[in-house]
Amino acid sequence: MIKKFFKNRVVLSTLILSAFTYITEMIVRIFTGAPFNDFAVVRILLSSIIISLFVSFIGHFLPKLGQRILNIIYILFVGIYNFAEFGLSSYIGFFMGIGNADQGTKVGEFIRDFFSSYKVIHYTILIPLIIFLIYYIFIDRFVTKNIKRNSEFTLIQKIYIEVVTVVIIIILSSAYYATIRLDNFKNKLQTESNYGLWLYPENSNLTVNNFGVLMFGFCDIKASILHIDADYVMNLNLNKSVIENKENNNEVVPVDLERKIDDTSWKELISKTNDGTFKSLNNYFINRSITPKNDMTGKFKDKNLIIIMMESVNEIAIYNEEYFPTLYKMYHEGISFKNNYSPRNNCSTGNNEFTVLSSLFTINNTCTANTYASNKYPEAVFNIFNNAGYKTSAYHDYTQKFYRRSKILPNLGANKYYGVEDLKIPYSTNYTEADDKDMFIAAQKYYMNEDKFMAYFATVTPHQSYIDSQICSERYYKKYRDLGYSSNLSRYLSKMQVMDEAFQELLKQLEETDKLKDTVIAVFGDHFPYGLTDSQINEFLEKNNAGYTINRNSTTNKNVDKTPMFIYNSEMEPLVVEDYTTIIDLLPTLLNMFDLEYDPRLYLGTDIFSNTHSSRAVFADGSWTNERGYYHAPNSSMKYLEGAEKYTDKELMYINQEISNRQKMSASAIKSNYFNYLGDGLKKYQKKDEE
């Protein structure tokens with residue numbers, strides 16, 4: 001009887017495909033550091049069986065050769081898909097969905113850098129693919145030689161096989177669905193519900209951890225076809241605890257530091273709003289804490305501001321005064337944020353640029369700035385400075401191949417955006433001629449002579465690739481090779497030195513125009529240099545006594561995302577900030593220091609110098625780190641630093657809920673263009689009140 005059971009085509013095919021799928025998923029799970037002691041491994045086993053049974057059921061209607069070809073196609077797809085998705089998560093920190101497909105295709109331009117991020121052991125993901133292909137190409141025909149074709153069964157036998165198969169699929173699917181809906185199958189510290197992830201897998205890392213790579217892809221496609229988005233999931237899960245969870249601030253604020261905001265117009269707008277999403281967002285934002293003023297309020301009042309994004313820069317920039325004297329000087333003589341991070345996501349440059357300029361969390365499964373380029377944000381940095389009488393502008397020394405800055409930045413309020421063509425400086429499609437110094441020289445005539453200016457610069461010189469010889473990567477290549485650095489790292493360090501000279505040029509311009517003492521320069525890195533391997537980055541960190549190394553796949557820390565963030569003014573005293581921060585905190589910090597008119601509730605970062613700032617760096621997948629340790633959201637696990645005080649489960653659940661609320665509300669606000677609605681509504685009712 002057992003022998004006869006295994007000779008059934010559906011059964012045999014299901015067993016083989018299930019084994020292949022599950023083994024492949026478990027290898028990826030090992031490399032991502034996901035645990036094996038939770039229910040996710042059982043859930044992934046169930047899904048592997050269900051999918052394999054479905055494919056086998058379809059295949060049994062085909063001739064044996066047809067079923068063999070179908071199974072080979074399935075194996076090729078699953079094996080390559082898992083391998084590619086793991087590579088993308090290792091390279092940029094996130095598994096990639098449909099919303100990021102456009103950016104994913106652009107990896108092809110840096111394909112050698114992409115494959116260099118794989119370690120030799122990672123290619124074991126392909127071993128099941130190779131083994132099972134060999135089976136179906138050379139062995140399966142002999143194993144199935146004596147198994148009946150579908151046409152050889154009687155009608156009753158066919159009906160029996162098909163009915164039993166469908167019933168089993170229904171039973172297994174019901175069991176699988178139960179693991180999604182019932183709380184018994186969820187880690188209590190998990191930041192998102194299993195059902196929410198199933199409906200809308202915006203947090204791809206957490207989804208893969210709970211469902212596997214293959215089901216993440218299915219959920220992503222399903223959400224796209226059914227038009228399920230963050231708003232739907234948010235409204236589904238919304239309850240009073242979400243609305244009422246305000247930031248903890250029991251400290252009494254002195255009257256002279258209180259920030260008073262008149263909510264009359266906002267309350268009128270709320271009373272006239274019927275849209276469910278806008279009502280939820282209004283309720284959330286108006287009930288957030290108003291960050292009070294503090295000792296740093298007005299520190300830079302009436303000064304000029306320059307914000308600079310450093311492309312592909314981590315803390316390599318601040319550890320050697322000899323190599324990068326200007327960056328070292330600005331970091332150590334300004335306000336330096338010692339424990340700062342730039343969270344990786346699927347479009348880290350464009351998304352992190354957007355985060356700094358708006359203080360909003362971006363949406364994980366899309367290039368937020370590009371996808372919602374038409375949105376408008378009255379609270380964005382350019383608009384706040386426009387309202388204060390500043391001339392605002394933005395600059396970048398590359399094309400719009402990756403990001404639609406000529407539309408995005410004006411919609412964030414920039415009076416004018418100047419791309420590489422506008423600046424009339426040399427460039428090429430592979431970054432070989434991009435010198436940030438040219439950008440600073442060409443840009444000065446557009447803003448430097450203004451009485452009050454706010455300018456934003458996006459650099460490009462340190463961008464990958466570091467494999468080939470390029471103009472900027474060769475300029476100081478020999479110097480770093482002679483110092484013993486590896487080839488790729490030497491090209492990167494050469495590019496970094498070229499960018500450092502660009503900063504030197506900017507300071508010289510400001511000094512020559514007598515604007516240096518009246519100008520504040522805020523600098524941040526968008527992400528670590530993806531084009532370098534971990535070992536190449538660690539080579540520098542170890543030689544320059546950084547005190548830590550990086551592992552981009554670590555589940556115990558986020559050292560890979562540590563980036564320099566600093567605020568420099570030639571007249572200020574140096575200040576080292578120990579709090580844990582991310583780039584989302586930069587904008588509200590600057591607005592307070594410039595003492596401008598703004599509503600802190602509309603920013604999902606917090607003024608770092610306020611008493612409401614939580615020393616905590618939050619990452620795109622809901623993970624976070626602070627003085628006590630690192631919480632890895634995909635694994636729902638906390639890794640404490642030695643001797644650190646431990647959180648109770650209740651405290652961890654509260655922190656995770658607060659983070660989840662902010663990220664969900666940010667996603668919903670961006671998707672619905674909420675801030676444009678709010679800005680227009682407030683203007684409308686303010687005018688009515690004035691009349």
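**View 1. Two arginine side chains placed over aromatic rings.** In this predicted model, Arg 29 lies over the face of Phe 36, at 6.0 Å from the ring centre.

**View 2. The aromatic pair of Tyr 377 and Phe 675.** A search of the whole structure finds 50 aromatic pairs. In the pair formed by Tyr 377 and Phe 675, the ring centres are 6.4 Å apart and the planes stand at 45°, so the pair is described as tilted. Tyr 377 belongs to the loop between helix H18 (368-371) and helix H19 (381-387), while Phe 675 is found in helix H29 (residues 674-690), so the pair ties together parts that are 298 residues apart in sequence. Tyr 377 is buried, because its relative accessible area is 3%, and Phe 675 is buried as well, with a relative accessible area of 2%.

**View 3. The aromatic pair of Phe 440 and Phe 457.** These two rings form a tilted pair, with 4.8 Å from centre to centre and 55° between the planes. Phe 440 is in helix H22 (residues 436-447) and Phe 457 is in strand E5 (residues 453-458), and the pair, whose members are 17 residues apart, links distant parts of the chain. Both Phe 440 and Phe 457 are buried.

**View 4. A cluster of aromatic rings.** Ring pairs join Phe 278, Tyr 284, Phe 285, Phe 354, Tyr 377, Tyr 674, Phe 675 and Tyr 677 into a cluster.

**View 5. A nonpolar patch on the surface.** The patch is formed by Ile 130, Ile 134, Ile 137, Phe 138, Ile 139 and Val 143, which together have about 530 Å² of accessible area. Ile 130 is placed in helix H7 (residues 127-143), and this residue counts as partly exposed because its relative accessibility is 48%. An α-helix has 3.6 residues a turn, so residues three or four places apart point the same way.

Terms used. Residues are numbered from 1 along each chain as its sequence is written. This is a predicted model: local features need pLDDT of at least 70, side-chain atom pairs count only at pLDDT 80 or more; totals for chains, interfaces and linings use all residues. Side-chain values use heavy atoms; hydrogens and water are left out. Patches are made of residues with over 30% relative accessible area and no salt bridge: like charges are joined within 9 Å, nonpolar side chains (Val, Leu, Ile, Met, Phe, Trp, Tyr) within 5 Å. Accessible areas come from the Shrake-Rupley method with a 1.4 Å probe; for residues, only the protein chains shown count as cover. A salt bridge is a side-chain nitrogen of Lys or Arg within 4 Å of a carboxyl oxygen of Asp or Glu. Helices (H or I, at least four residues) and strands (E, at least two) are DSSP runs, numbered from the N terminus. Buried means under 20% relative accessible area, exposed over 50%, partly exposed in between (1.4 Å probe, protein chains only). Rings of Phe, Tyr and Trp (its six-membered ring) pair if their centres lie within 6.5 Å; planes under 30 degrees apart count as stacked, over 60 as edge-to-face and the rest as tilted. A charge sits over a ring if NZ of Lys or CZ of Arg is within 6 Å of the ring centre and within 35 degrees of the ring normal.
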